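Dear colleague,

Please find below the structure that I am handing over to you. My notes on what was found in it follow directly after.

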Amino acid sequence: MSNRSPVLAERELWACAQYVLTQYGDRATTHIAERVTTLALSGDMAGVETWKRIADRVDQLSDCGTSGQRTRH
């Protein structure tokens with residue numbers, strides 16, 4: 001069995017980010033950090049990169065607020 005994570009399409013990354021926010025709320029960043037650590041320790045650097053990309057989208061979604069526009073630059 002391969003230790004490589006599949007490459008996700010852009011829309012899949014956004015869907016994952018939304019799911020993580022929905023499931024974990026304020027604990028989303030903690031969950032992501034735990035996933036990244038676990039994957040790094042197992043040597044799955046592709047998985048680490050995927051979760052970093054998801055983390056970036058979670059950050060962007062979190063910055064949207066109620067107006068739907070990003071508040072940071």
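This is a predicted model: local features need pLDDT of at least 70, side-chain atom pairs count only at pLDDT 80 or more; totals for chains, interfaces and linings use all residues.

V20 counts as buried, at 3% relative accessibility; here buried means under 20% relative accessible area, exposed over 50%, and partly exposed in between (1.4 Å probe, protein chains only). This residue is found in helix α1, where helices (H or I, at least four residues) and strands (E, at least two) are DSSP runs, numbered from the N terminus. Leaving aside residues up to four places away in sequence, V20 touches G25, A28, H31, I32, W51 and V58, a contact being heavy atoms within 4.5 Å.

Residues are numbered from 1 along each chain as its sequence is written, and side-chain values use heavy atoms, with hydrogens and water left out.

Overall architecture

The protein chain contains 3 helices and 0 strands, and its pattern along the sequence is α-α-α. Of its 73 residues, 26% count as buried. Among contacts in the protein chain with a separation of 6 or more, 58% are between residues 24 or more positions apart.

The α1 and α2 contact

How do α1 and α2 cross? The axes of α1 and helix α2 (residues 28-41) come within 8 Å, at a crossing angle of roughly 120°. These axes are lines fitted to C-alpha atoms, for helices over the stretch in contact, and the angles run from 0 to 180 degrees between N-to-C directions. On the α1 side the contact involves V20, L21 and Y24, which meet A28, H31 and I32 in α2. By class, the residues of this contact divide into 5 nonpolar, 1 polar and no charged; Ala, Val, Leu, Ile, Met, Phe, Trp, Tyr, Cys and Pro count as nonpolar, Asp, Glu, Lys and Arg as charged, and the others, Gly among them, as polar.

G25 lies in the loop between α1 and α2 and is partly exposed, at 32% relative accessibility. The C-alpha atoms of G25 and S62 are 9.7 Å apart, although 37 residues separate the two in sequence.

The nonpolar core

In soluble globular proteins, nonpolar side chains tend to be buried together. In this model the largest nonpolar core has 11 residues: L13, A17, V20, A28, I32, V36, L39, V48, W51, I54 and V58. Such a core is a set of buried Ala, Val, Leu, Ile, Met, Phe, Trp, Tyr and Cys residues joined through side-chain atoms within 4.5 Å. The elements giving two or more residues to this core are α1, α2 and α3. One of the core residues, L39, touches D44, G47, V48 and W51, again not counting residues up to four places away in sequence.

Helix α3

The buried residues of α3 are G47, V48, T50, W51, I54, R57, V58 and Q60, and they pack against α1 and α2. The 18 residues of α3 should span 26 Å at 1.5 Å a residue, and the end C-alpha atoms are 25 Å apart, which agrees; the expected span is 1.5 Å times one less than the number of residues. D59 is also in helix α3 and is partly exposed, with a relative accessible area of 29%. Between D59 and T29, which are 30 residues apart along the chain, the C-alpha separation is 8.6 Å.

Salt bridges

Which residues are linked in a network of salt bridges? The network consists of E10, R53 and R57, and the structure holds 2 salt bridges, each defined as a side-chain nitrogen of Lys or Arg within 4 Å of a carboxyl oxygen of Asp or Glu.

R53 and E10 meet through their side chains at 3.9 Å, N to O. This pair links distant parts of the chain, with R53 in helix α3 (residues 45-62) and E10 in helix α1 (residues 10-24), 43 residues apart. In the salt bridge of E10 with R57, the closest N and O atoms are 2.8 Å apart. Here too distant parts of the chain are linked, E10 in α1 and R57 in α3 being 47 residues apart. As for accessibility, R53 is partly exposed at 27% and E10 is partly exposed at 39%, whereas R57 is buried at 9%.

Yours sincerely
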